[in-house]
Amino acid sequence: MAIGGNGFSEQGLRRLREVLARHVDSGKIPGLVALVSRGGQTHVETLGTMRHDGGAPMRRDTIFRMASTSKPVSIAAAMVLLDECRLRLDDVVDPWLPELSGRQVLKSIDAELDAIMPARRPITVRDVLTSTFGLGMDMTALGTPILNAIFERGLTPNLPTEVPEQDEWMRRLGELPLMHQPGEQWQYQISSDLVGVLVSRVTGQSFEDFLRERIFEPLGMKDTGFHVPAGQIDRLPTLYAPDPVTGEFLAWDEPEGGRWSKPPAFQGGGGGLVSTADDYHAYFRMLLNGGVHEGRRILSRPAVELMTTNRLTPEQNAARTALARNAVHISFGQGQQGGWGLGMAVRTYRGDYAPIGQFGWDGGSGTSAYADPANQLTGILLCQLGYSVPDPAHLMSDFWTTVYQALED
């Protein structure tokens, strides 16, 4: 499909397809769906199959496990509550999350859990939405008592304990000291799950019901949720986590009877959604359009601007910056955006083809979704390969390079 001015060049789109096809033809990527849009026009590529050994072909409506690409969508529920003044950024969270009142903080990141001091202040809504409330997945602290306790309590998805329902999840979270003082440092993952609990308790609805009512249905995101209904399970591919040594395709999650075949005990905003390329396209186009979708306002323009502008100081972002730069041999540049808004990365410097201001995030199951205000561009890349090998990172890097080289102007 040739796209004219204010879009993509025909030659550039051919290269995009050729590069994606090279990854699939190599046998290292079973299949993928890629969507790019600009100037009101959309281009989609579907390549490969639902299983590594063949089977049904990938289709535009294939449903994928979005993993951490859930974060930029989940945060919209909290933004609705801010717009309606049902939450304020500097509200203390204690009335809704009493399990987090009276916090204690570790004296050092590698301290035993009883080496603690009182928190300087309570946790606020702002701390939760900016991922700075004090607890999270610090991959530089693996093996420390606090990280071991997080894993043992099932506070992160399927590592190694199943995540319990939200009240029990909150009880277990409340047993732990914070890793850092509230507002001090960006911490990954747990804040995004905590947002879902906060929304649920403020509204009296399940997190999914509120998302569906205020975000998914108004945007026509009919295939987005926290599980795949039985009648649609054939649209969900097997998710692989290949052996990092041999490259053998190991099935981490099968569609039938798998983790997303039934409603979960915990609706995790940090990584629990399933969705399609077109559903995510609708969401990111709404953000690019200042919160409006087909004439209907979903979020206020200031809410969108708050989400998609860097919220962190260099000191708050120091650990994330160090991790991104020191893990480049694994991530191939994914994660080096420089900034973080609410629920998503925001580029604050130009380190590759994407310009400052691009926002979005990636997922460990082989998903990537970003929007770029400067070029009015949206890109979605979805595959079914986990990050146990570098192949999905190579694929993502090449996808974004070829998206930008295809710009017509």
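A: Let's start with a word you'll need throughout: a residue is buried under 20% relative accessible area, exposed over 50%, and partly exposed in between, using a 1.4 Å probe and counting protein chains only. This is a predicted model, where local features need pLDDT of at least 70 and side-chain atom pairs count only at pLDDT 80 or more, while totals for chains, interfaces and linings use all residues. Residues are numbered from 1 along each chain as its sequence is written, and side-chain values use heavy atoms, with hydrogens and water left out.

Q: Okay, so is Glu-208 buried or exposed?
A: Glu-208 counts as buried, because its relative accessibility is 13%. Arg-212, at 24%, counts as partly exposed.

Q: What do the side chains of Glu-208 and Arg-212 meet in?
A: Side chains of opposite charge can pair when their charged atoms come close. The name to know is salt bridge: a side-chain nitrogen of Lys or Arg within 4 Å of a carboxyl oxygen of Asp or Glu. Glu-208 and Arg-212 form one, at 2.9 Å from N to O. The two sit four residues apart, about one turn, in helix α7 (residues 207-219). Helices here are DSSP runs of H or I with at least four residues, strands are runs of E with at least two, and both are numbered from the N terminus.

Q: How many salt bridges does the count come to?
A: It comes to 25. One of them joins Arg-172 and Glu-168, with the closest N and O atoms 2.8 Å apart. Those two are separated by about one helical turn because they are four residues apart in helix α5 (residues 166-174). Arg-172 and Glu-168 are also linked in a network of salt bridges with Arg-153, Arg-171 and Glu-175. Elsewhere, Arg-347 and Asp-352 pair at 3.3 Å, N to O; Arg-347 is buried at 7%, and Asp-352 is partly exposed at 32%.

Q: Which residues is Gly-174 in contact with, leaving aside its neighbours within four places in sequence?
A: Contact means heavy atoms within 4.5 Å. Gly-174, found in helix α5, touches Glu-99 and Arg-103 in that sense, once its neighbours within four places in sequence are left aside. Gly-174 and Pro-98 are 76 residues apart in sequence, yet their C-alpha atoms are 8.6 Å apart in space.

Q: Where is Ile-29?
A: Look in the loop between α1 (10-25) and β1 (31-38). Ile-29 is buried, with a relative accessible area of 1%. Beyond the neighbours within four places in sequence, its contacts include Cys-383, Leu-385 and Pro-392.

Q: At what angle do helix α2 and helix α6 pack?
A: Two packed helices are described by the angle between their axes and the distance between the axes. Axes are lines fitted to C-alpha atoms, over the stretch in contact for helices, and angles run from 0 to 180 degrees between N-to-C directions. Here α2 (residues 71-83) and α6 (residues 190-203) pack at about 30°, axes 10 Å apart. Among the residues that meet are Ile-75 and Leu-81 in α2, and Val-195 and Val-199 in α6.

Q: Where does Leu-142 lie?
A: Leu-142 is in the loop between α3 (125-129) and α4 (145-152), and it is partly exposed, at 48% relative accessibility.
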